[in-house]
Amino acid sequence: MSFEISDIALLGTGYLLILFGIAYCAEKGWIPKRISEHPVTYILSLGIFASAWAFYGVVDLAYQYGYGALAYYLGTGAVFLFAPMVIKPLAQLVKRFQITSLTDLLVFRYHSQTAGAIAAVCMLAAVLPLLALQIQAVTETLHILTSGSSSSSEISGYTGMPFRTVMALCYCILLAAFTILFGSSREKHNGLRVAMAFESLIKLAALLTAGFVALYGVFDGFDGLDQWLTQNPENLELLYSPIKAGESHTLLLVFLATAVAMPHVFHMSTIEAPAKNISSTLTWAFPLFLLLMALPIFPLLWAGIELGSPLSPQYFTLGVPMQMGLPILTLFIFVGGLSAATGAIVSISLSLSTMLLNQLVLPAVHLSRKRDLYRQVLWFRRVLIILIFICGYSFYKLLNNSLSLTDLALMTFIEALQFIPGIFAIAYWPSANSRGLIVGLTLGTLIWTAGLLLPALTDIQSLGILPIGVEYWDTITLLSISINIAAFIGFSMLTTTSTEERYSAELCAEDELSQPLRTILNVHTAEDFTDRLSVILGGRTADREVKRALEELNLGPKERRPYALRQLRDRIEANLSSLIGTSLASEIMDEHIPYQLPEGGGTSDINLIESRLAQYRSHLSGLAAELDNLRLYHRNTLEELPMAAVSLGHDMEILMWNQAMAQLTTIDSDSVLGSHLDDLEQPWRDLLNAFSQSPNTHLHKQQVDQAHSTRWISLHKANIVGPAANSTDGQVILLEDITDIQRLEQELVHSERLASIGRLSAGVAHEIGNPVTGIACLAQNLRYDTKNEDAIETADMILSQTDRIGRIVQSLVSFSHTGQQNKDDFILLSVRDCASEAVQLLSLQKDKNPVIFDLRLDQGLAVMGDPQRLIQVFINLLSNARDASPQGGTIIIDGQTSTQWVEIFVEDNGSGIPLEHQEKVLEPFFTSKEPGEGTGLGLSMVHSIIEEHDGQIQLTSPLPNKDNGTRVTIKLPLVPISQSNT
Amino acid sequence: MRNQRLLILLLLVTYVFSPTIYDWAINPEGAWYRPFIIWALLIVAAYLFQGRSNRNEL
């Protein structure tokens with residue numbers, strides 16, 4: 001069976017165009033998100049792992065190693081089966097720090113540019129055989145399909161090159177174009193992912209169809225196959241005998257590496273992983289995909305043997321349908337193989353270009369600041385993709401089909417295996433260091449180069465005691481990886497690790513709860529970032545990167561909080577590393593926005609620990625969960641403490657700001673946490689700054705003027721004891737609001753002054769009393785001594801006026817008395833007398849609103865009490881009523897007796913008391929009067945006096961059936977008749 | 001923590017039973033697809049386990 005080259009070329013190009021189309025549609029968003037972002041799409045896109053070798057070469061592996069061939073799938077399957085342990089920690093790191101390739105991850109963890117460069121070179125060496133394998137598989141199958149046609153020799157004749165070379169070149173050019181179009185941009189490659197999922201689907205369908213046809217077309221199903229195997233026991237023996245040789249165990253080890261260390265598989269499984277965590281789906285779905293890929297291998301092998309295919313076993317997948325004379329199926333299988341090779345080449349070149357760009361190109365060249373950085377990086381990447389294709393093609397040409405697909409695959413995977421110690425140590429061995437990695441990787445790679453690469457490229461047959469050549473792959477694998485691991489462990493343990501590397505190692509270790517140190521930045525606003533970065537990145541790029549990071553963190557451009565600025569710095573570094581690689585990004589950030597350790601030892605970043613714990617809570621169990629509950633309890637105790645508390649770090653960064661503090665200062669804790677004390681609003685900034693730096697641990701009665709009020713605050717502070725002996729970990733400051741006490745004190749001083757005036761007035765009254773008595777005596781004498789009517793009238797008037805002076809003086813004297821505190825000293829008194837005394841005193845205040853006091857109290861209304869204090873009650877009530885009344889208004893003072901009480905009413909027709917004030921008027925310091933007019937103590941004093949008399953006070957406002965007016969009702973206990981008579 | 005303990009238990013079980021399972025899988029007397037059956041069982045186990053752990057996290 002033979003096909004025309006034009007038909008095959010048309011088919012191949014058509015298929016690639018469909019792949020282009022799908023990628024384009026997905027990129028433009030024309031494919032619904034529920035398909036493009038479905039977990040199945042992601043799992044299928046991981047199918048790029050199964051390259052042309054899994055499609056063709058594995059049958060040869062099965063021929064050579066029997067069941068050992070399954071190691072290819074089992075090794076990889078095992079890694080994905082344990083994805084939550086193996087892949088998830090790496091994927092989390094990659095996501096958190098925006099890492100774009102395996103070598104970037106190594107640079108991030110080992111903090112070494114050299115390690116990154118060496119890893120990139122080793123990786124390039126590792127994937128060259130795999131690239132050559134894909135090209136070889138496609139050109140070989142093309143050659144097989146068109147071997148009998150005349151057109152293939154025509155092409156060779158026309159171009160002057162062998163047919164295979166021409167085909168390989170065309171294929172590489174097409175794929176390079178595809179990769180550049182869909183994979184070189186910075187964003188996630190949605191189109192690429194969907195296209196890769198599609199190619200996985202095609203190759204899976206093709207392989208399953210081939211297996212099905214082999215099983216039912218050649219053997220008549222399972223029974224037929226069993227029968228055939230019984231008749232041909234040597235084929236069954238092929239399955240078992242090689243695995244006893246032990247090489248298949250090494251195969252398992254080699255293939256374990258492919259799932260993690262191969263750059264394209266790493267790229268798809270971690271970097272292109274969807275935002276939604278699907279690692280748990282991965283544990284079973286990807287091994288299932290591998291199972292389906294592995295199922296047809298043995299039936300295909302046996303069918304090839306049974307049909308006597310002239311092809312080598314590595315092309316039995318294509319040979320079986322050809323031998324059976326099924327042209328359409330043959331073409332479908334060819335497309336499947338093309339698909340597998342395409343997926344692998346595109347993804348390998350893409351991930352490798354990132355590695356080379358970040359590790360070798362960008363650190364070596366100086367990007368022009370005047371031009372757009374993004375465009376420069378994009379062009380570098382495009383050039384690198386083309387270079388990788390040229391390298392792959394040259395390597396293929398150099399080998400000239402001398403190695404089988406299996407040999408090429410083994411070469412790649414054995415070199416990839418050298419990365420495994422370094423990769424596993426990322427999450428699981430924080431003591432590993434860059435020296436160990438560099439020495440281990442270099443030694444392993446040297447042994448691989450000498451043992452496998454050199455013999456493949458040259459005619460060297462032996463190298464001293466080292467057995468070389470791909471036939472000794474087993475020994476070379478074990479030797480290289482053993483020396484690699486030994487050197488890695490040995491050098492890591494014997495050499496010292498830098499502080500930066502240890503910091504990165506802690507970040508990478510699986511235990512995310514390690515205590516991060518709070519470092520200090522010497523930038524103060526987000527704008528400083530733009531200024532500093534524009535020196536190296538150019539103004540426009542720096543501005544764009546800072547704005548982007550601010551947006552992602554929901555921060556404003558005026559941000560000044562150190563905690564937020566640290567977050568901003570880390571985010572910018574992560575974003576830059578996705579653009580120019582981890583090493584260059586961290587170099588730029590270290591140089592322009594460096595971290596500094598605080599003087600006098602580091603302080604834990606409490607805010608960061610808190611936020612991490614909050615995210616991590618659901619994962620905690622056992623002791624950790626209980627400790628976390630304890631933490632929450634103590635935190636809540638501080639948060640809910642009914643006293644304002646703030647804690648400060650060494651560097652005056654605010655670490656805690658509790659609810660009472662937020663209430664007192666009216667500054668929300670979210671807006672202030674993590675900020676420097678100097679950035680706090682006034683007046684709190686000066687107050688706290690001065691106090692935190694003063695040697696005193698207490699500061700009493702500080703006046704704080706706020707926008708609408710003045711407060712008095714006492715401050716107390718204590719040092720927080722640090723984990724080390726004799727060390728402090730910042731300070732905690734308590735703010736005690738003593739405004740009420742302060743006002744009470746002022747009131748006390750005021751009333752003390754009033755009391756002294758009262759006492760003075762008693763003396764004054766006494767002093768006035770004597771001359772007045774003299775005047776009264778003289779007037780009396782005048783009255784008796786004269787007969788003159790006018791003189792008698794004058795004397796009467798003098799007497800009446802002196803009498804009035806006497807009464808006024810008497811009232812003042814009696815008011816200035818303290819009164820009786822003891823209930824036993826209460827006397828029976830007439831309410832009317834008390835009220836009239838109060839009216840008399842109030843009428844002395846001529847400057848006040850003139851009102852009419854209508855005293856309607858019955859003279860017989862009597863209660864037990866202290867007359868001085870009851871007069872005080874009437875004075876307060878009546879003066880309040882007078883203040884509320886209109887000019888010339890009437891205030892009614894009335895009373896009545898009920899079964900239990902003597903009820904006294906003071907009623908005015910003033911403005912009334914608003915409903916919302918009625919509950920508060922009896923509280924101390926509540927006043928609706930202008931400042932300086934009222935103290936807010938009058939009614940509360942009335943209330944306390946009435947309570948001392950076992951009475952009650954009620955307010956009614958407005959008056960019943962009226963819109964205004966207030967009635968105060970005082971109820972005092974009725975005096976029993978027997979007592980009143982005595 | 002729970003995952004780590006389960007992993008250790010799984011490794012122990014695998015270690016104890018691996019010779020038996022291995023002998024059974026590659027027994028020339030048996031069907032050639034026996035290793036695939038074990039593989040399929042492993043996938044079912046992984047599916048069941050991930051379903052359960054997902055529920056626990058909810």
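**Cores, contacts and backbone exceptions in a two-chain model**

Of the 213 residues in the largest nonpolar core, A52(A), A62(A), A69(A) and I414(A) touch the most other members. A nonpolar core here is a set of buried Ala, Val, Leu, Ile, Met, Phe, Trp, Tyr and Cys residues joined through C-beta atoms within 7 Å. A residue is buried if 20 or more other C-beta atoms lie within 10 Å of its own, exposed if 12 or fewer, and partly exposed in between; the C-beta atoms are placed from the backbone. Helix 9 (residues 113-146) of chain A gives this core its largest share, 20 residues. Helices (H or I, at least four residues) and strands (E, at least two) are DSSP runs, numbered from the N terminus. Domain 1 (5-81 + 110-417) and domain 2 (516-597) of chain A each supply at least three residues to this core. Those bounds come from an automatic or database domain assignment.

This is a predicted model: local features need pLDDT of at least 70, side-chain atom pairs count only at pLDDT 80 or more, and totals for chains, interfaces and linings use all residues. Residues are numbered from 1 along each chain as its sequence is written, while chains are lettered from A and ligands numbered from 1 in the order in which they are written.

A69(A) touches V58(A), L61(A), A62(A) and I297(A), leaving aside residues up to four places away in sequence. Contact means that two C-beta atoms, placed from the backbone, lie within 7 Å. Another core, of 33 residues, lies apart from the largest one; I871(A), I893(A), V902(A) and I970(A) are among its members. In soluble globular proteins, nonpolar side chains tend to be buried together.

Chain A has 42 helices and 16 strands. It has 982 residues, and 43% of them count as buried. Among its contacts with a separation of 6 or more, 74% join residues 24 or more positions apart. H249(A) sits in helix 15 (residues 247-261) of chain A. It counts as partly exposed because it has 14 C-beta neighbours inside 10 Å. Chain B has 2 helices and 0 strands. Of its 58 residues, 9% are buried.

pLDDT is the predictor's confidence in each residue, from 0 to 100. The average for chain A is 83, and 90% of the residues score at least 70.

Turn to a strand pair. Strand 7 (residues 698-705) and strand 8 (residues 710-721) of chain A run antiparallel, joined by 6 bridges. Strands pair if DSSP finds at least two bridges between them. These two form a hairpin with 4 residues between them. D705(A) stands opposite T710(A) in strand 8 of chain A.

Backbone exceptions come last. Most residues other than glycine have a negative phi, and most peptide bonds are trans. Q682(A) and P683(A) are joined by a cis peptide bond, with omega about 0 degrees. P683(A) is in the loop between helix 34 (669-672) and helix 35 (684-693) of chain A. The bond from S957(A) to P958(A) is also cis, with omega near -5 degrees. P958(A) is in the loop between strand 15 (952-956) and strand 16 (966-973) of chain A.

H111(A) is not a glycine, yet its phi is positive, about 50 degrees. It is found in the loop between helix 8 (102-110) and helix 9 of chain A. H111(A) counts as buried because it has 23 C-beta neighbours inside 10 Å. N401(A), also not a glycine, has a positive phi near 60 degrees. Its loop runs between helix 21 (373-399) and helix 22 (405-417) of chain A. N401(A) has 13 other C-beta atoms within 10 Å, so it is partly exposed.
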